[in-house]
Amino acid sequence: MTTATTVPADARPVSRTLTANRLPKWAPPVVAVGSIAVGCGIGAVGGLKSHLQWGLISALLFVVASYLISAQVEGRRQAKDRLATSVVWVAFILAVVPLVSLTVYTVQQGIDVVDGNFLSHSMKGVIQTGPGGGIYHALIGTLEQVGLATAMAAPLGLLTAVYLVEYGRGRLAKAVTFFVDVMTGIPSIVAGLFVLSVWNLALGFNYSGFSGSLALAILMIPVVVRSTEEMLKLVPNELREASYALGVPKWKTILRIVLPTAIGGITTGVMLAVARITGETAPVMMLVFGADAINTNPFDGPQQSLPMYIWQQYSVVNNDNGYARAWGAALVLIAFVMGLNLIARGIARWRSPKGGH
């Protein structure tokens, strides 16, 4: 005769209790829509003119309502998870909305100006306060200045990161790391003053696009070093050890194993650095000046750039024609940076080890 055993309540499986009462999948969108409706109603009744205030009220209501409803139906444990998820979604939306708004507004303001004539003509012979003119001279200057800065900063930053990760030990490595951290926060105007004092005043070189490239390279190097250093640290040590076990020298292991493995992150870091310096105006104002005519030689004479062109048209010209040209140049600048990022992603995917290369 068998005796039935009673399992204590606290010893039973708890998986059913964790999943027994769950909100349906459509609940969060419904709560979001309801929060937006209530938030807009509160803003309208309260006389709040800013739609940003309406959005913030709606976001707060969504977070609170998600927690309270989940606590009643699913329990406090699941409600805390809902609360964290809601906060993440709200933070994501708060970050995306300004970016999307900026992009859409720039497109709306500049799309009517950007055409073949705008991209293929300079401001030479054009009355600043009148219609016409283009950004061809500024586009050439930006491409040459950013290209020279990247050609100088990318190899230096890459080699510095390789030294810090693969070879750097002791006081020298700590000193390099310290100065890289300090350089990361240097304002662009300080880099411009340094190049102006050393390159132009002390050594006697004239103002040119290359002078601006030197300042931009100073700003770019610490970003490349930091991003590349972090990517190299993510490469598993097992890959290095396997290569050493096969008798491969360290330099060849770095060149053939470590760098190809991290090439995606390295390329992204370089593109982030390029995106940072592309919009810098202060070093260009101090070292390159600006020109209405086309100057294809970055080593001789003043040269225009897109950030400088935007500033001049918006603040110096200061009329509808100048505003239109400024927004058109801003749209081209955004497209330029976006194109660089797309190219970088394509190169990273092409050279990634997962692609069979």
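Apart from its neighbours within four places in sequence, Val-270 is in contact (heavy atoms within 4.5 Å) with Thr-150, Met-220 and Val-224. The model is predicted, so that local features need pLDDT of at least 70 and side-chain atom pairs count only at pLDDT 80 or more, while totals for chains, interfaces and linings use all residues. Residues are numbered from 1 along each chain as its sequence is written, and side-chain values use heavy atoms, with hydrogens and water left out.

Val-270 belongs to the largest nonpolar core, which has 40 residues. Such a core is a set of buried Ala, Val, Leu, Ile, Met, Phe, Trp, Tyr and Cys residues joined through side-chain atoms within 4.5 Å, where buried means under 20% relative accessible area with a 1.4 Å probe, protein chains only. Met-220, Leu-232, Ile-277 and Leu-287 are, with Val-270, the residues with the most contacts inside this core. Two or more residues come from each of helices H6 (136-167), H7 (170-184), H8 (188-202), H9 (209-233), H11 (250-261), H12 (263-278) and H13 (282-287); helices are DSSP runs (H or I, at least four residues) numbered from the N terminus. H9 gives the most, with eleven residues. A second, separate core has 13 residues, including Phe-118 and Tyr-309.

The structure holds one cavity of 30 Å³ or more, a cavity being a set of points on a 1 Å grid where a 1.4 Å probe fits but cannot get out. The largest cavity has a volume of about 40 Å³. Its lining residues (an atom within 4 Å of a point) include Thr-142, Gln-145, Ile-277 and Glu-280. H6 supplies the largest share of this lining, three residues.

Technical notes. Buried means under 20% relative accessible area, exposed over 50%, partly exposed in between (1.4 Å probe, protein chains only). On a 1 Å grid over the protein atoms alone, a cavity is a set of points where a 1.4 Å probe fits but cannot get out, and a pocket is an open set with protein on both sides within 12 Å along at least five of seven lines; lining residues have an atom within 4 Å of a point. Grid points are joined across faces, edges and corners, and a volume is the space filled by probe spheres set on the points.
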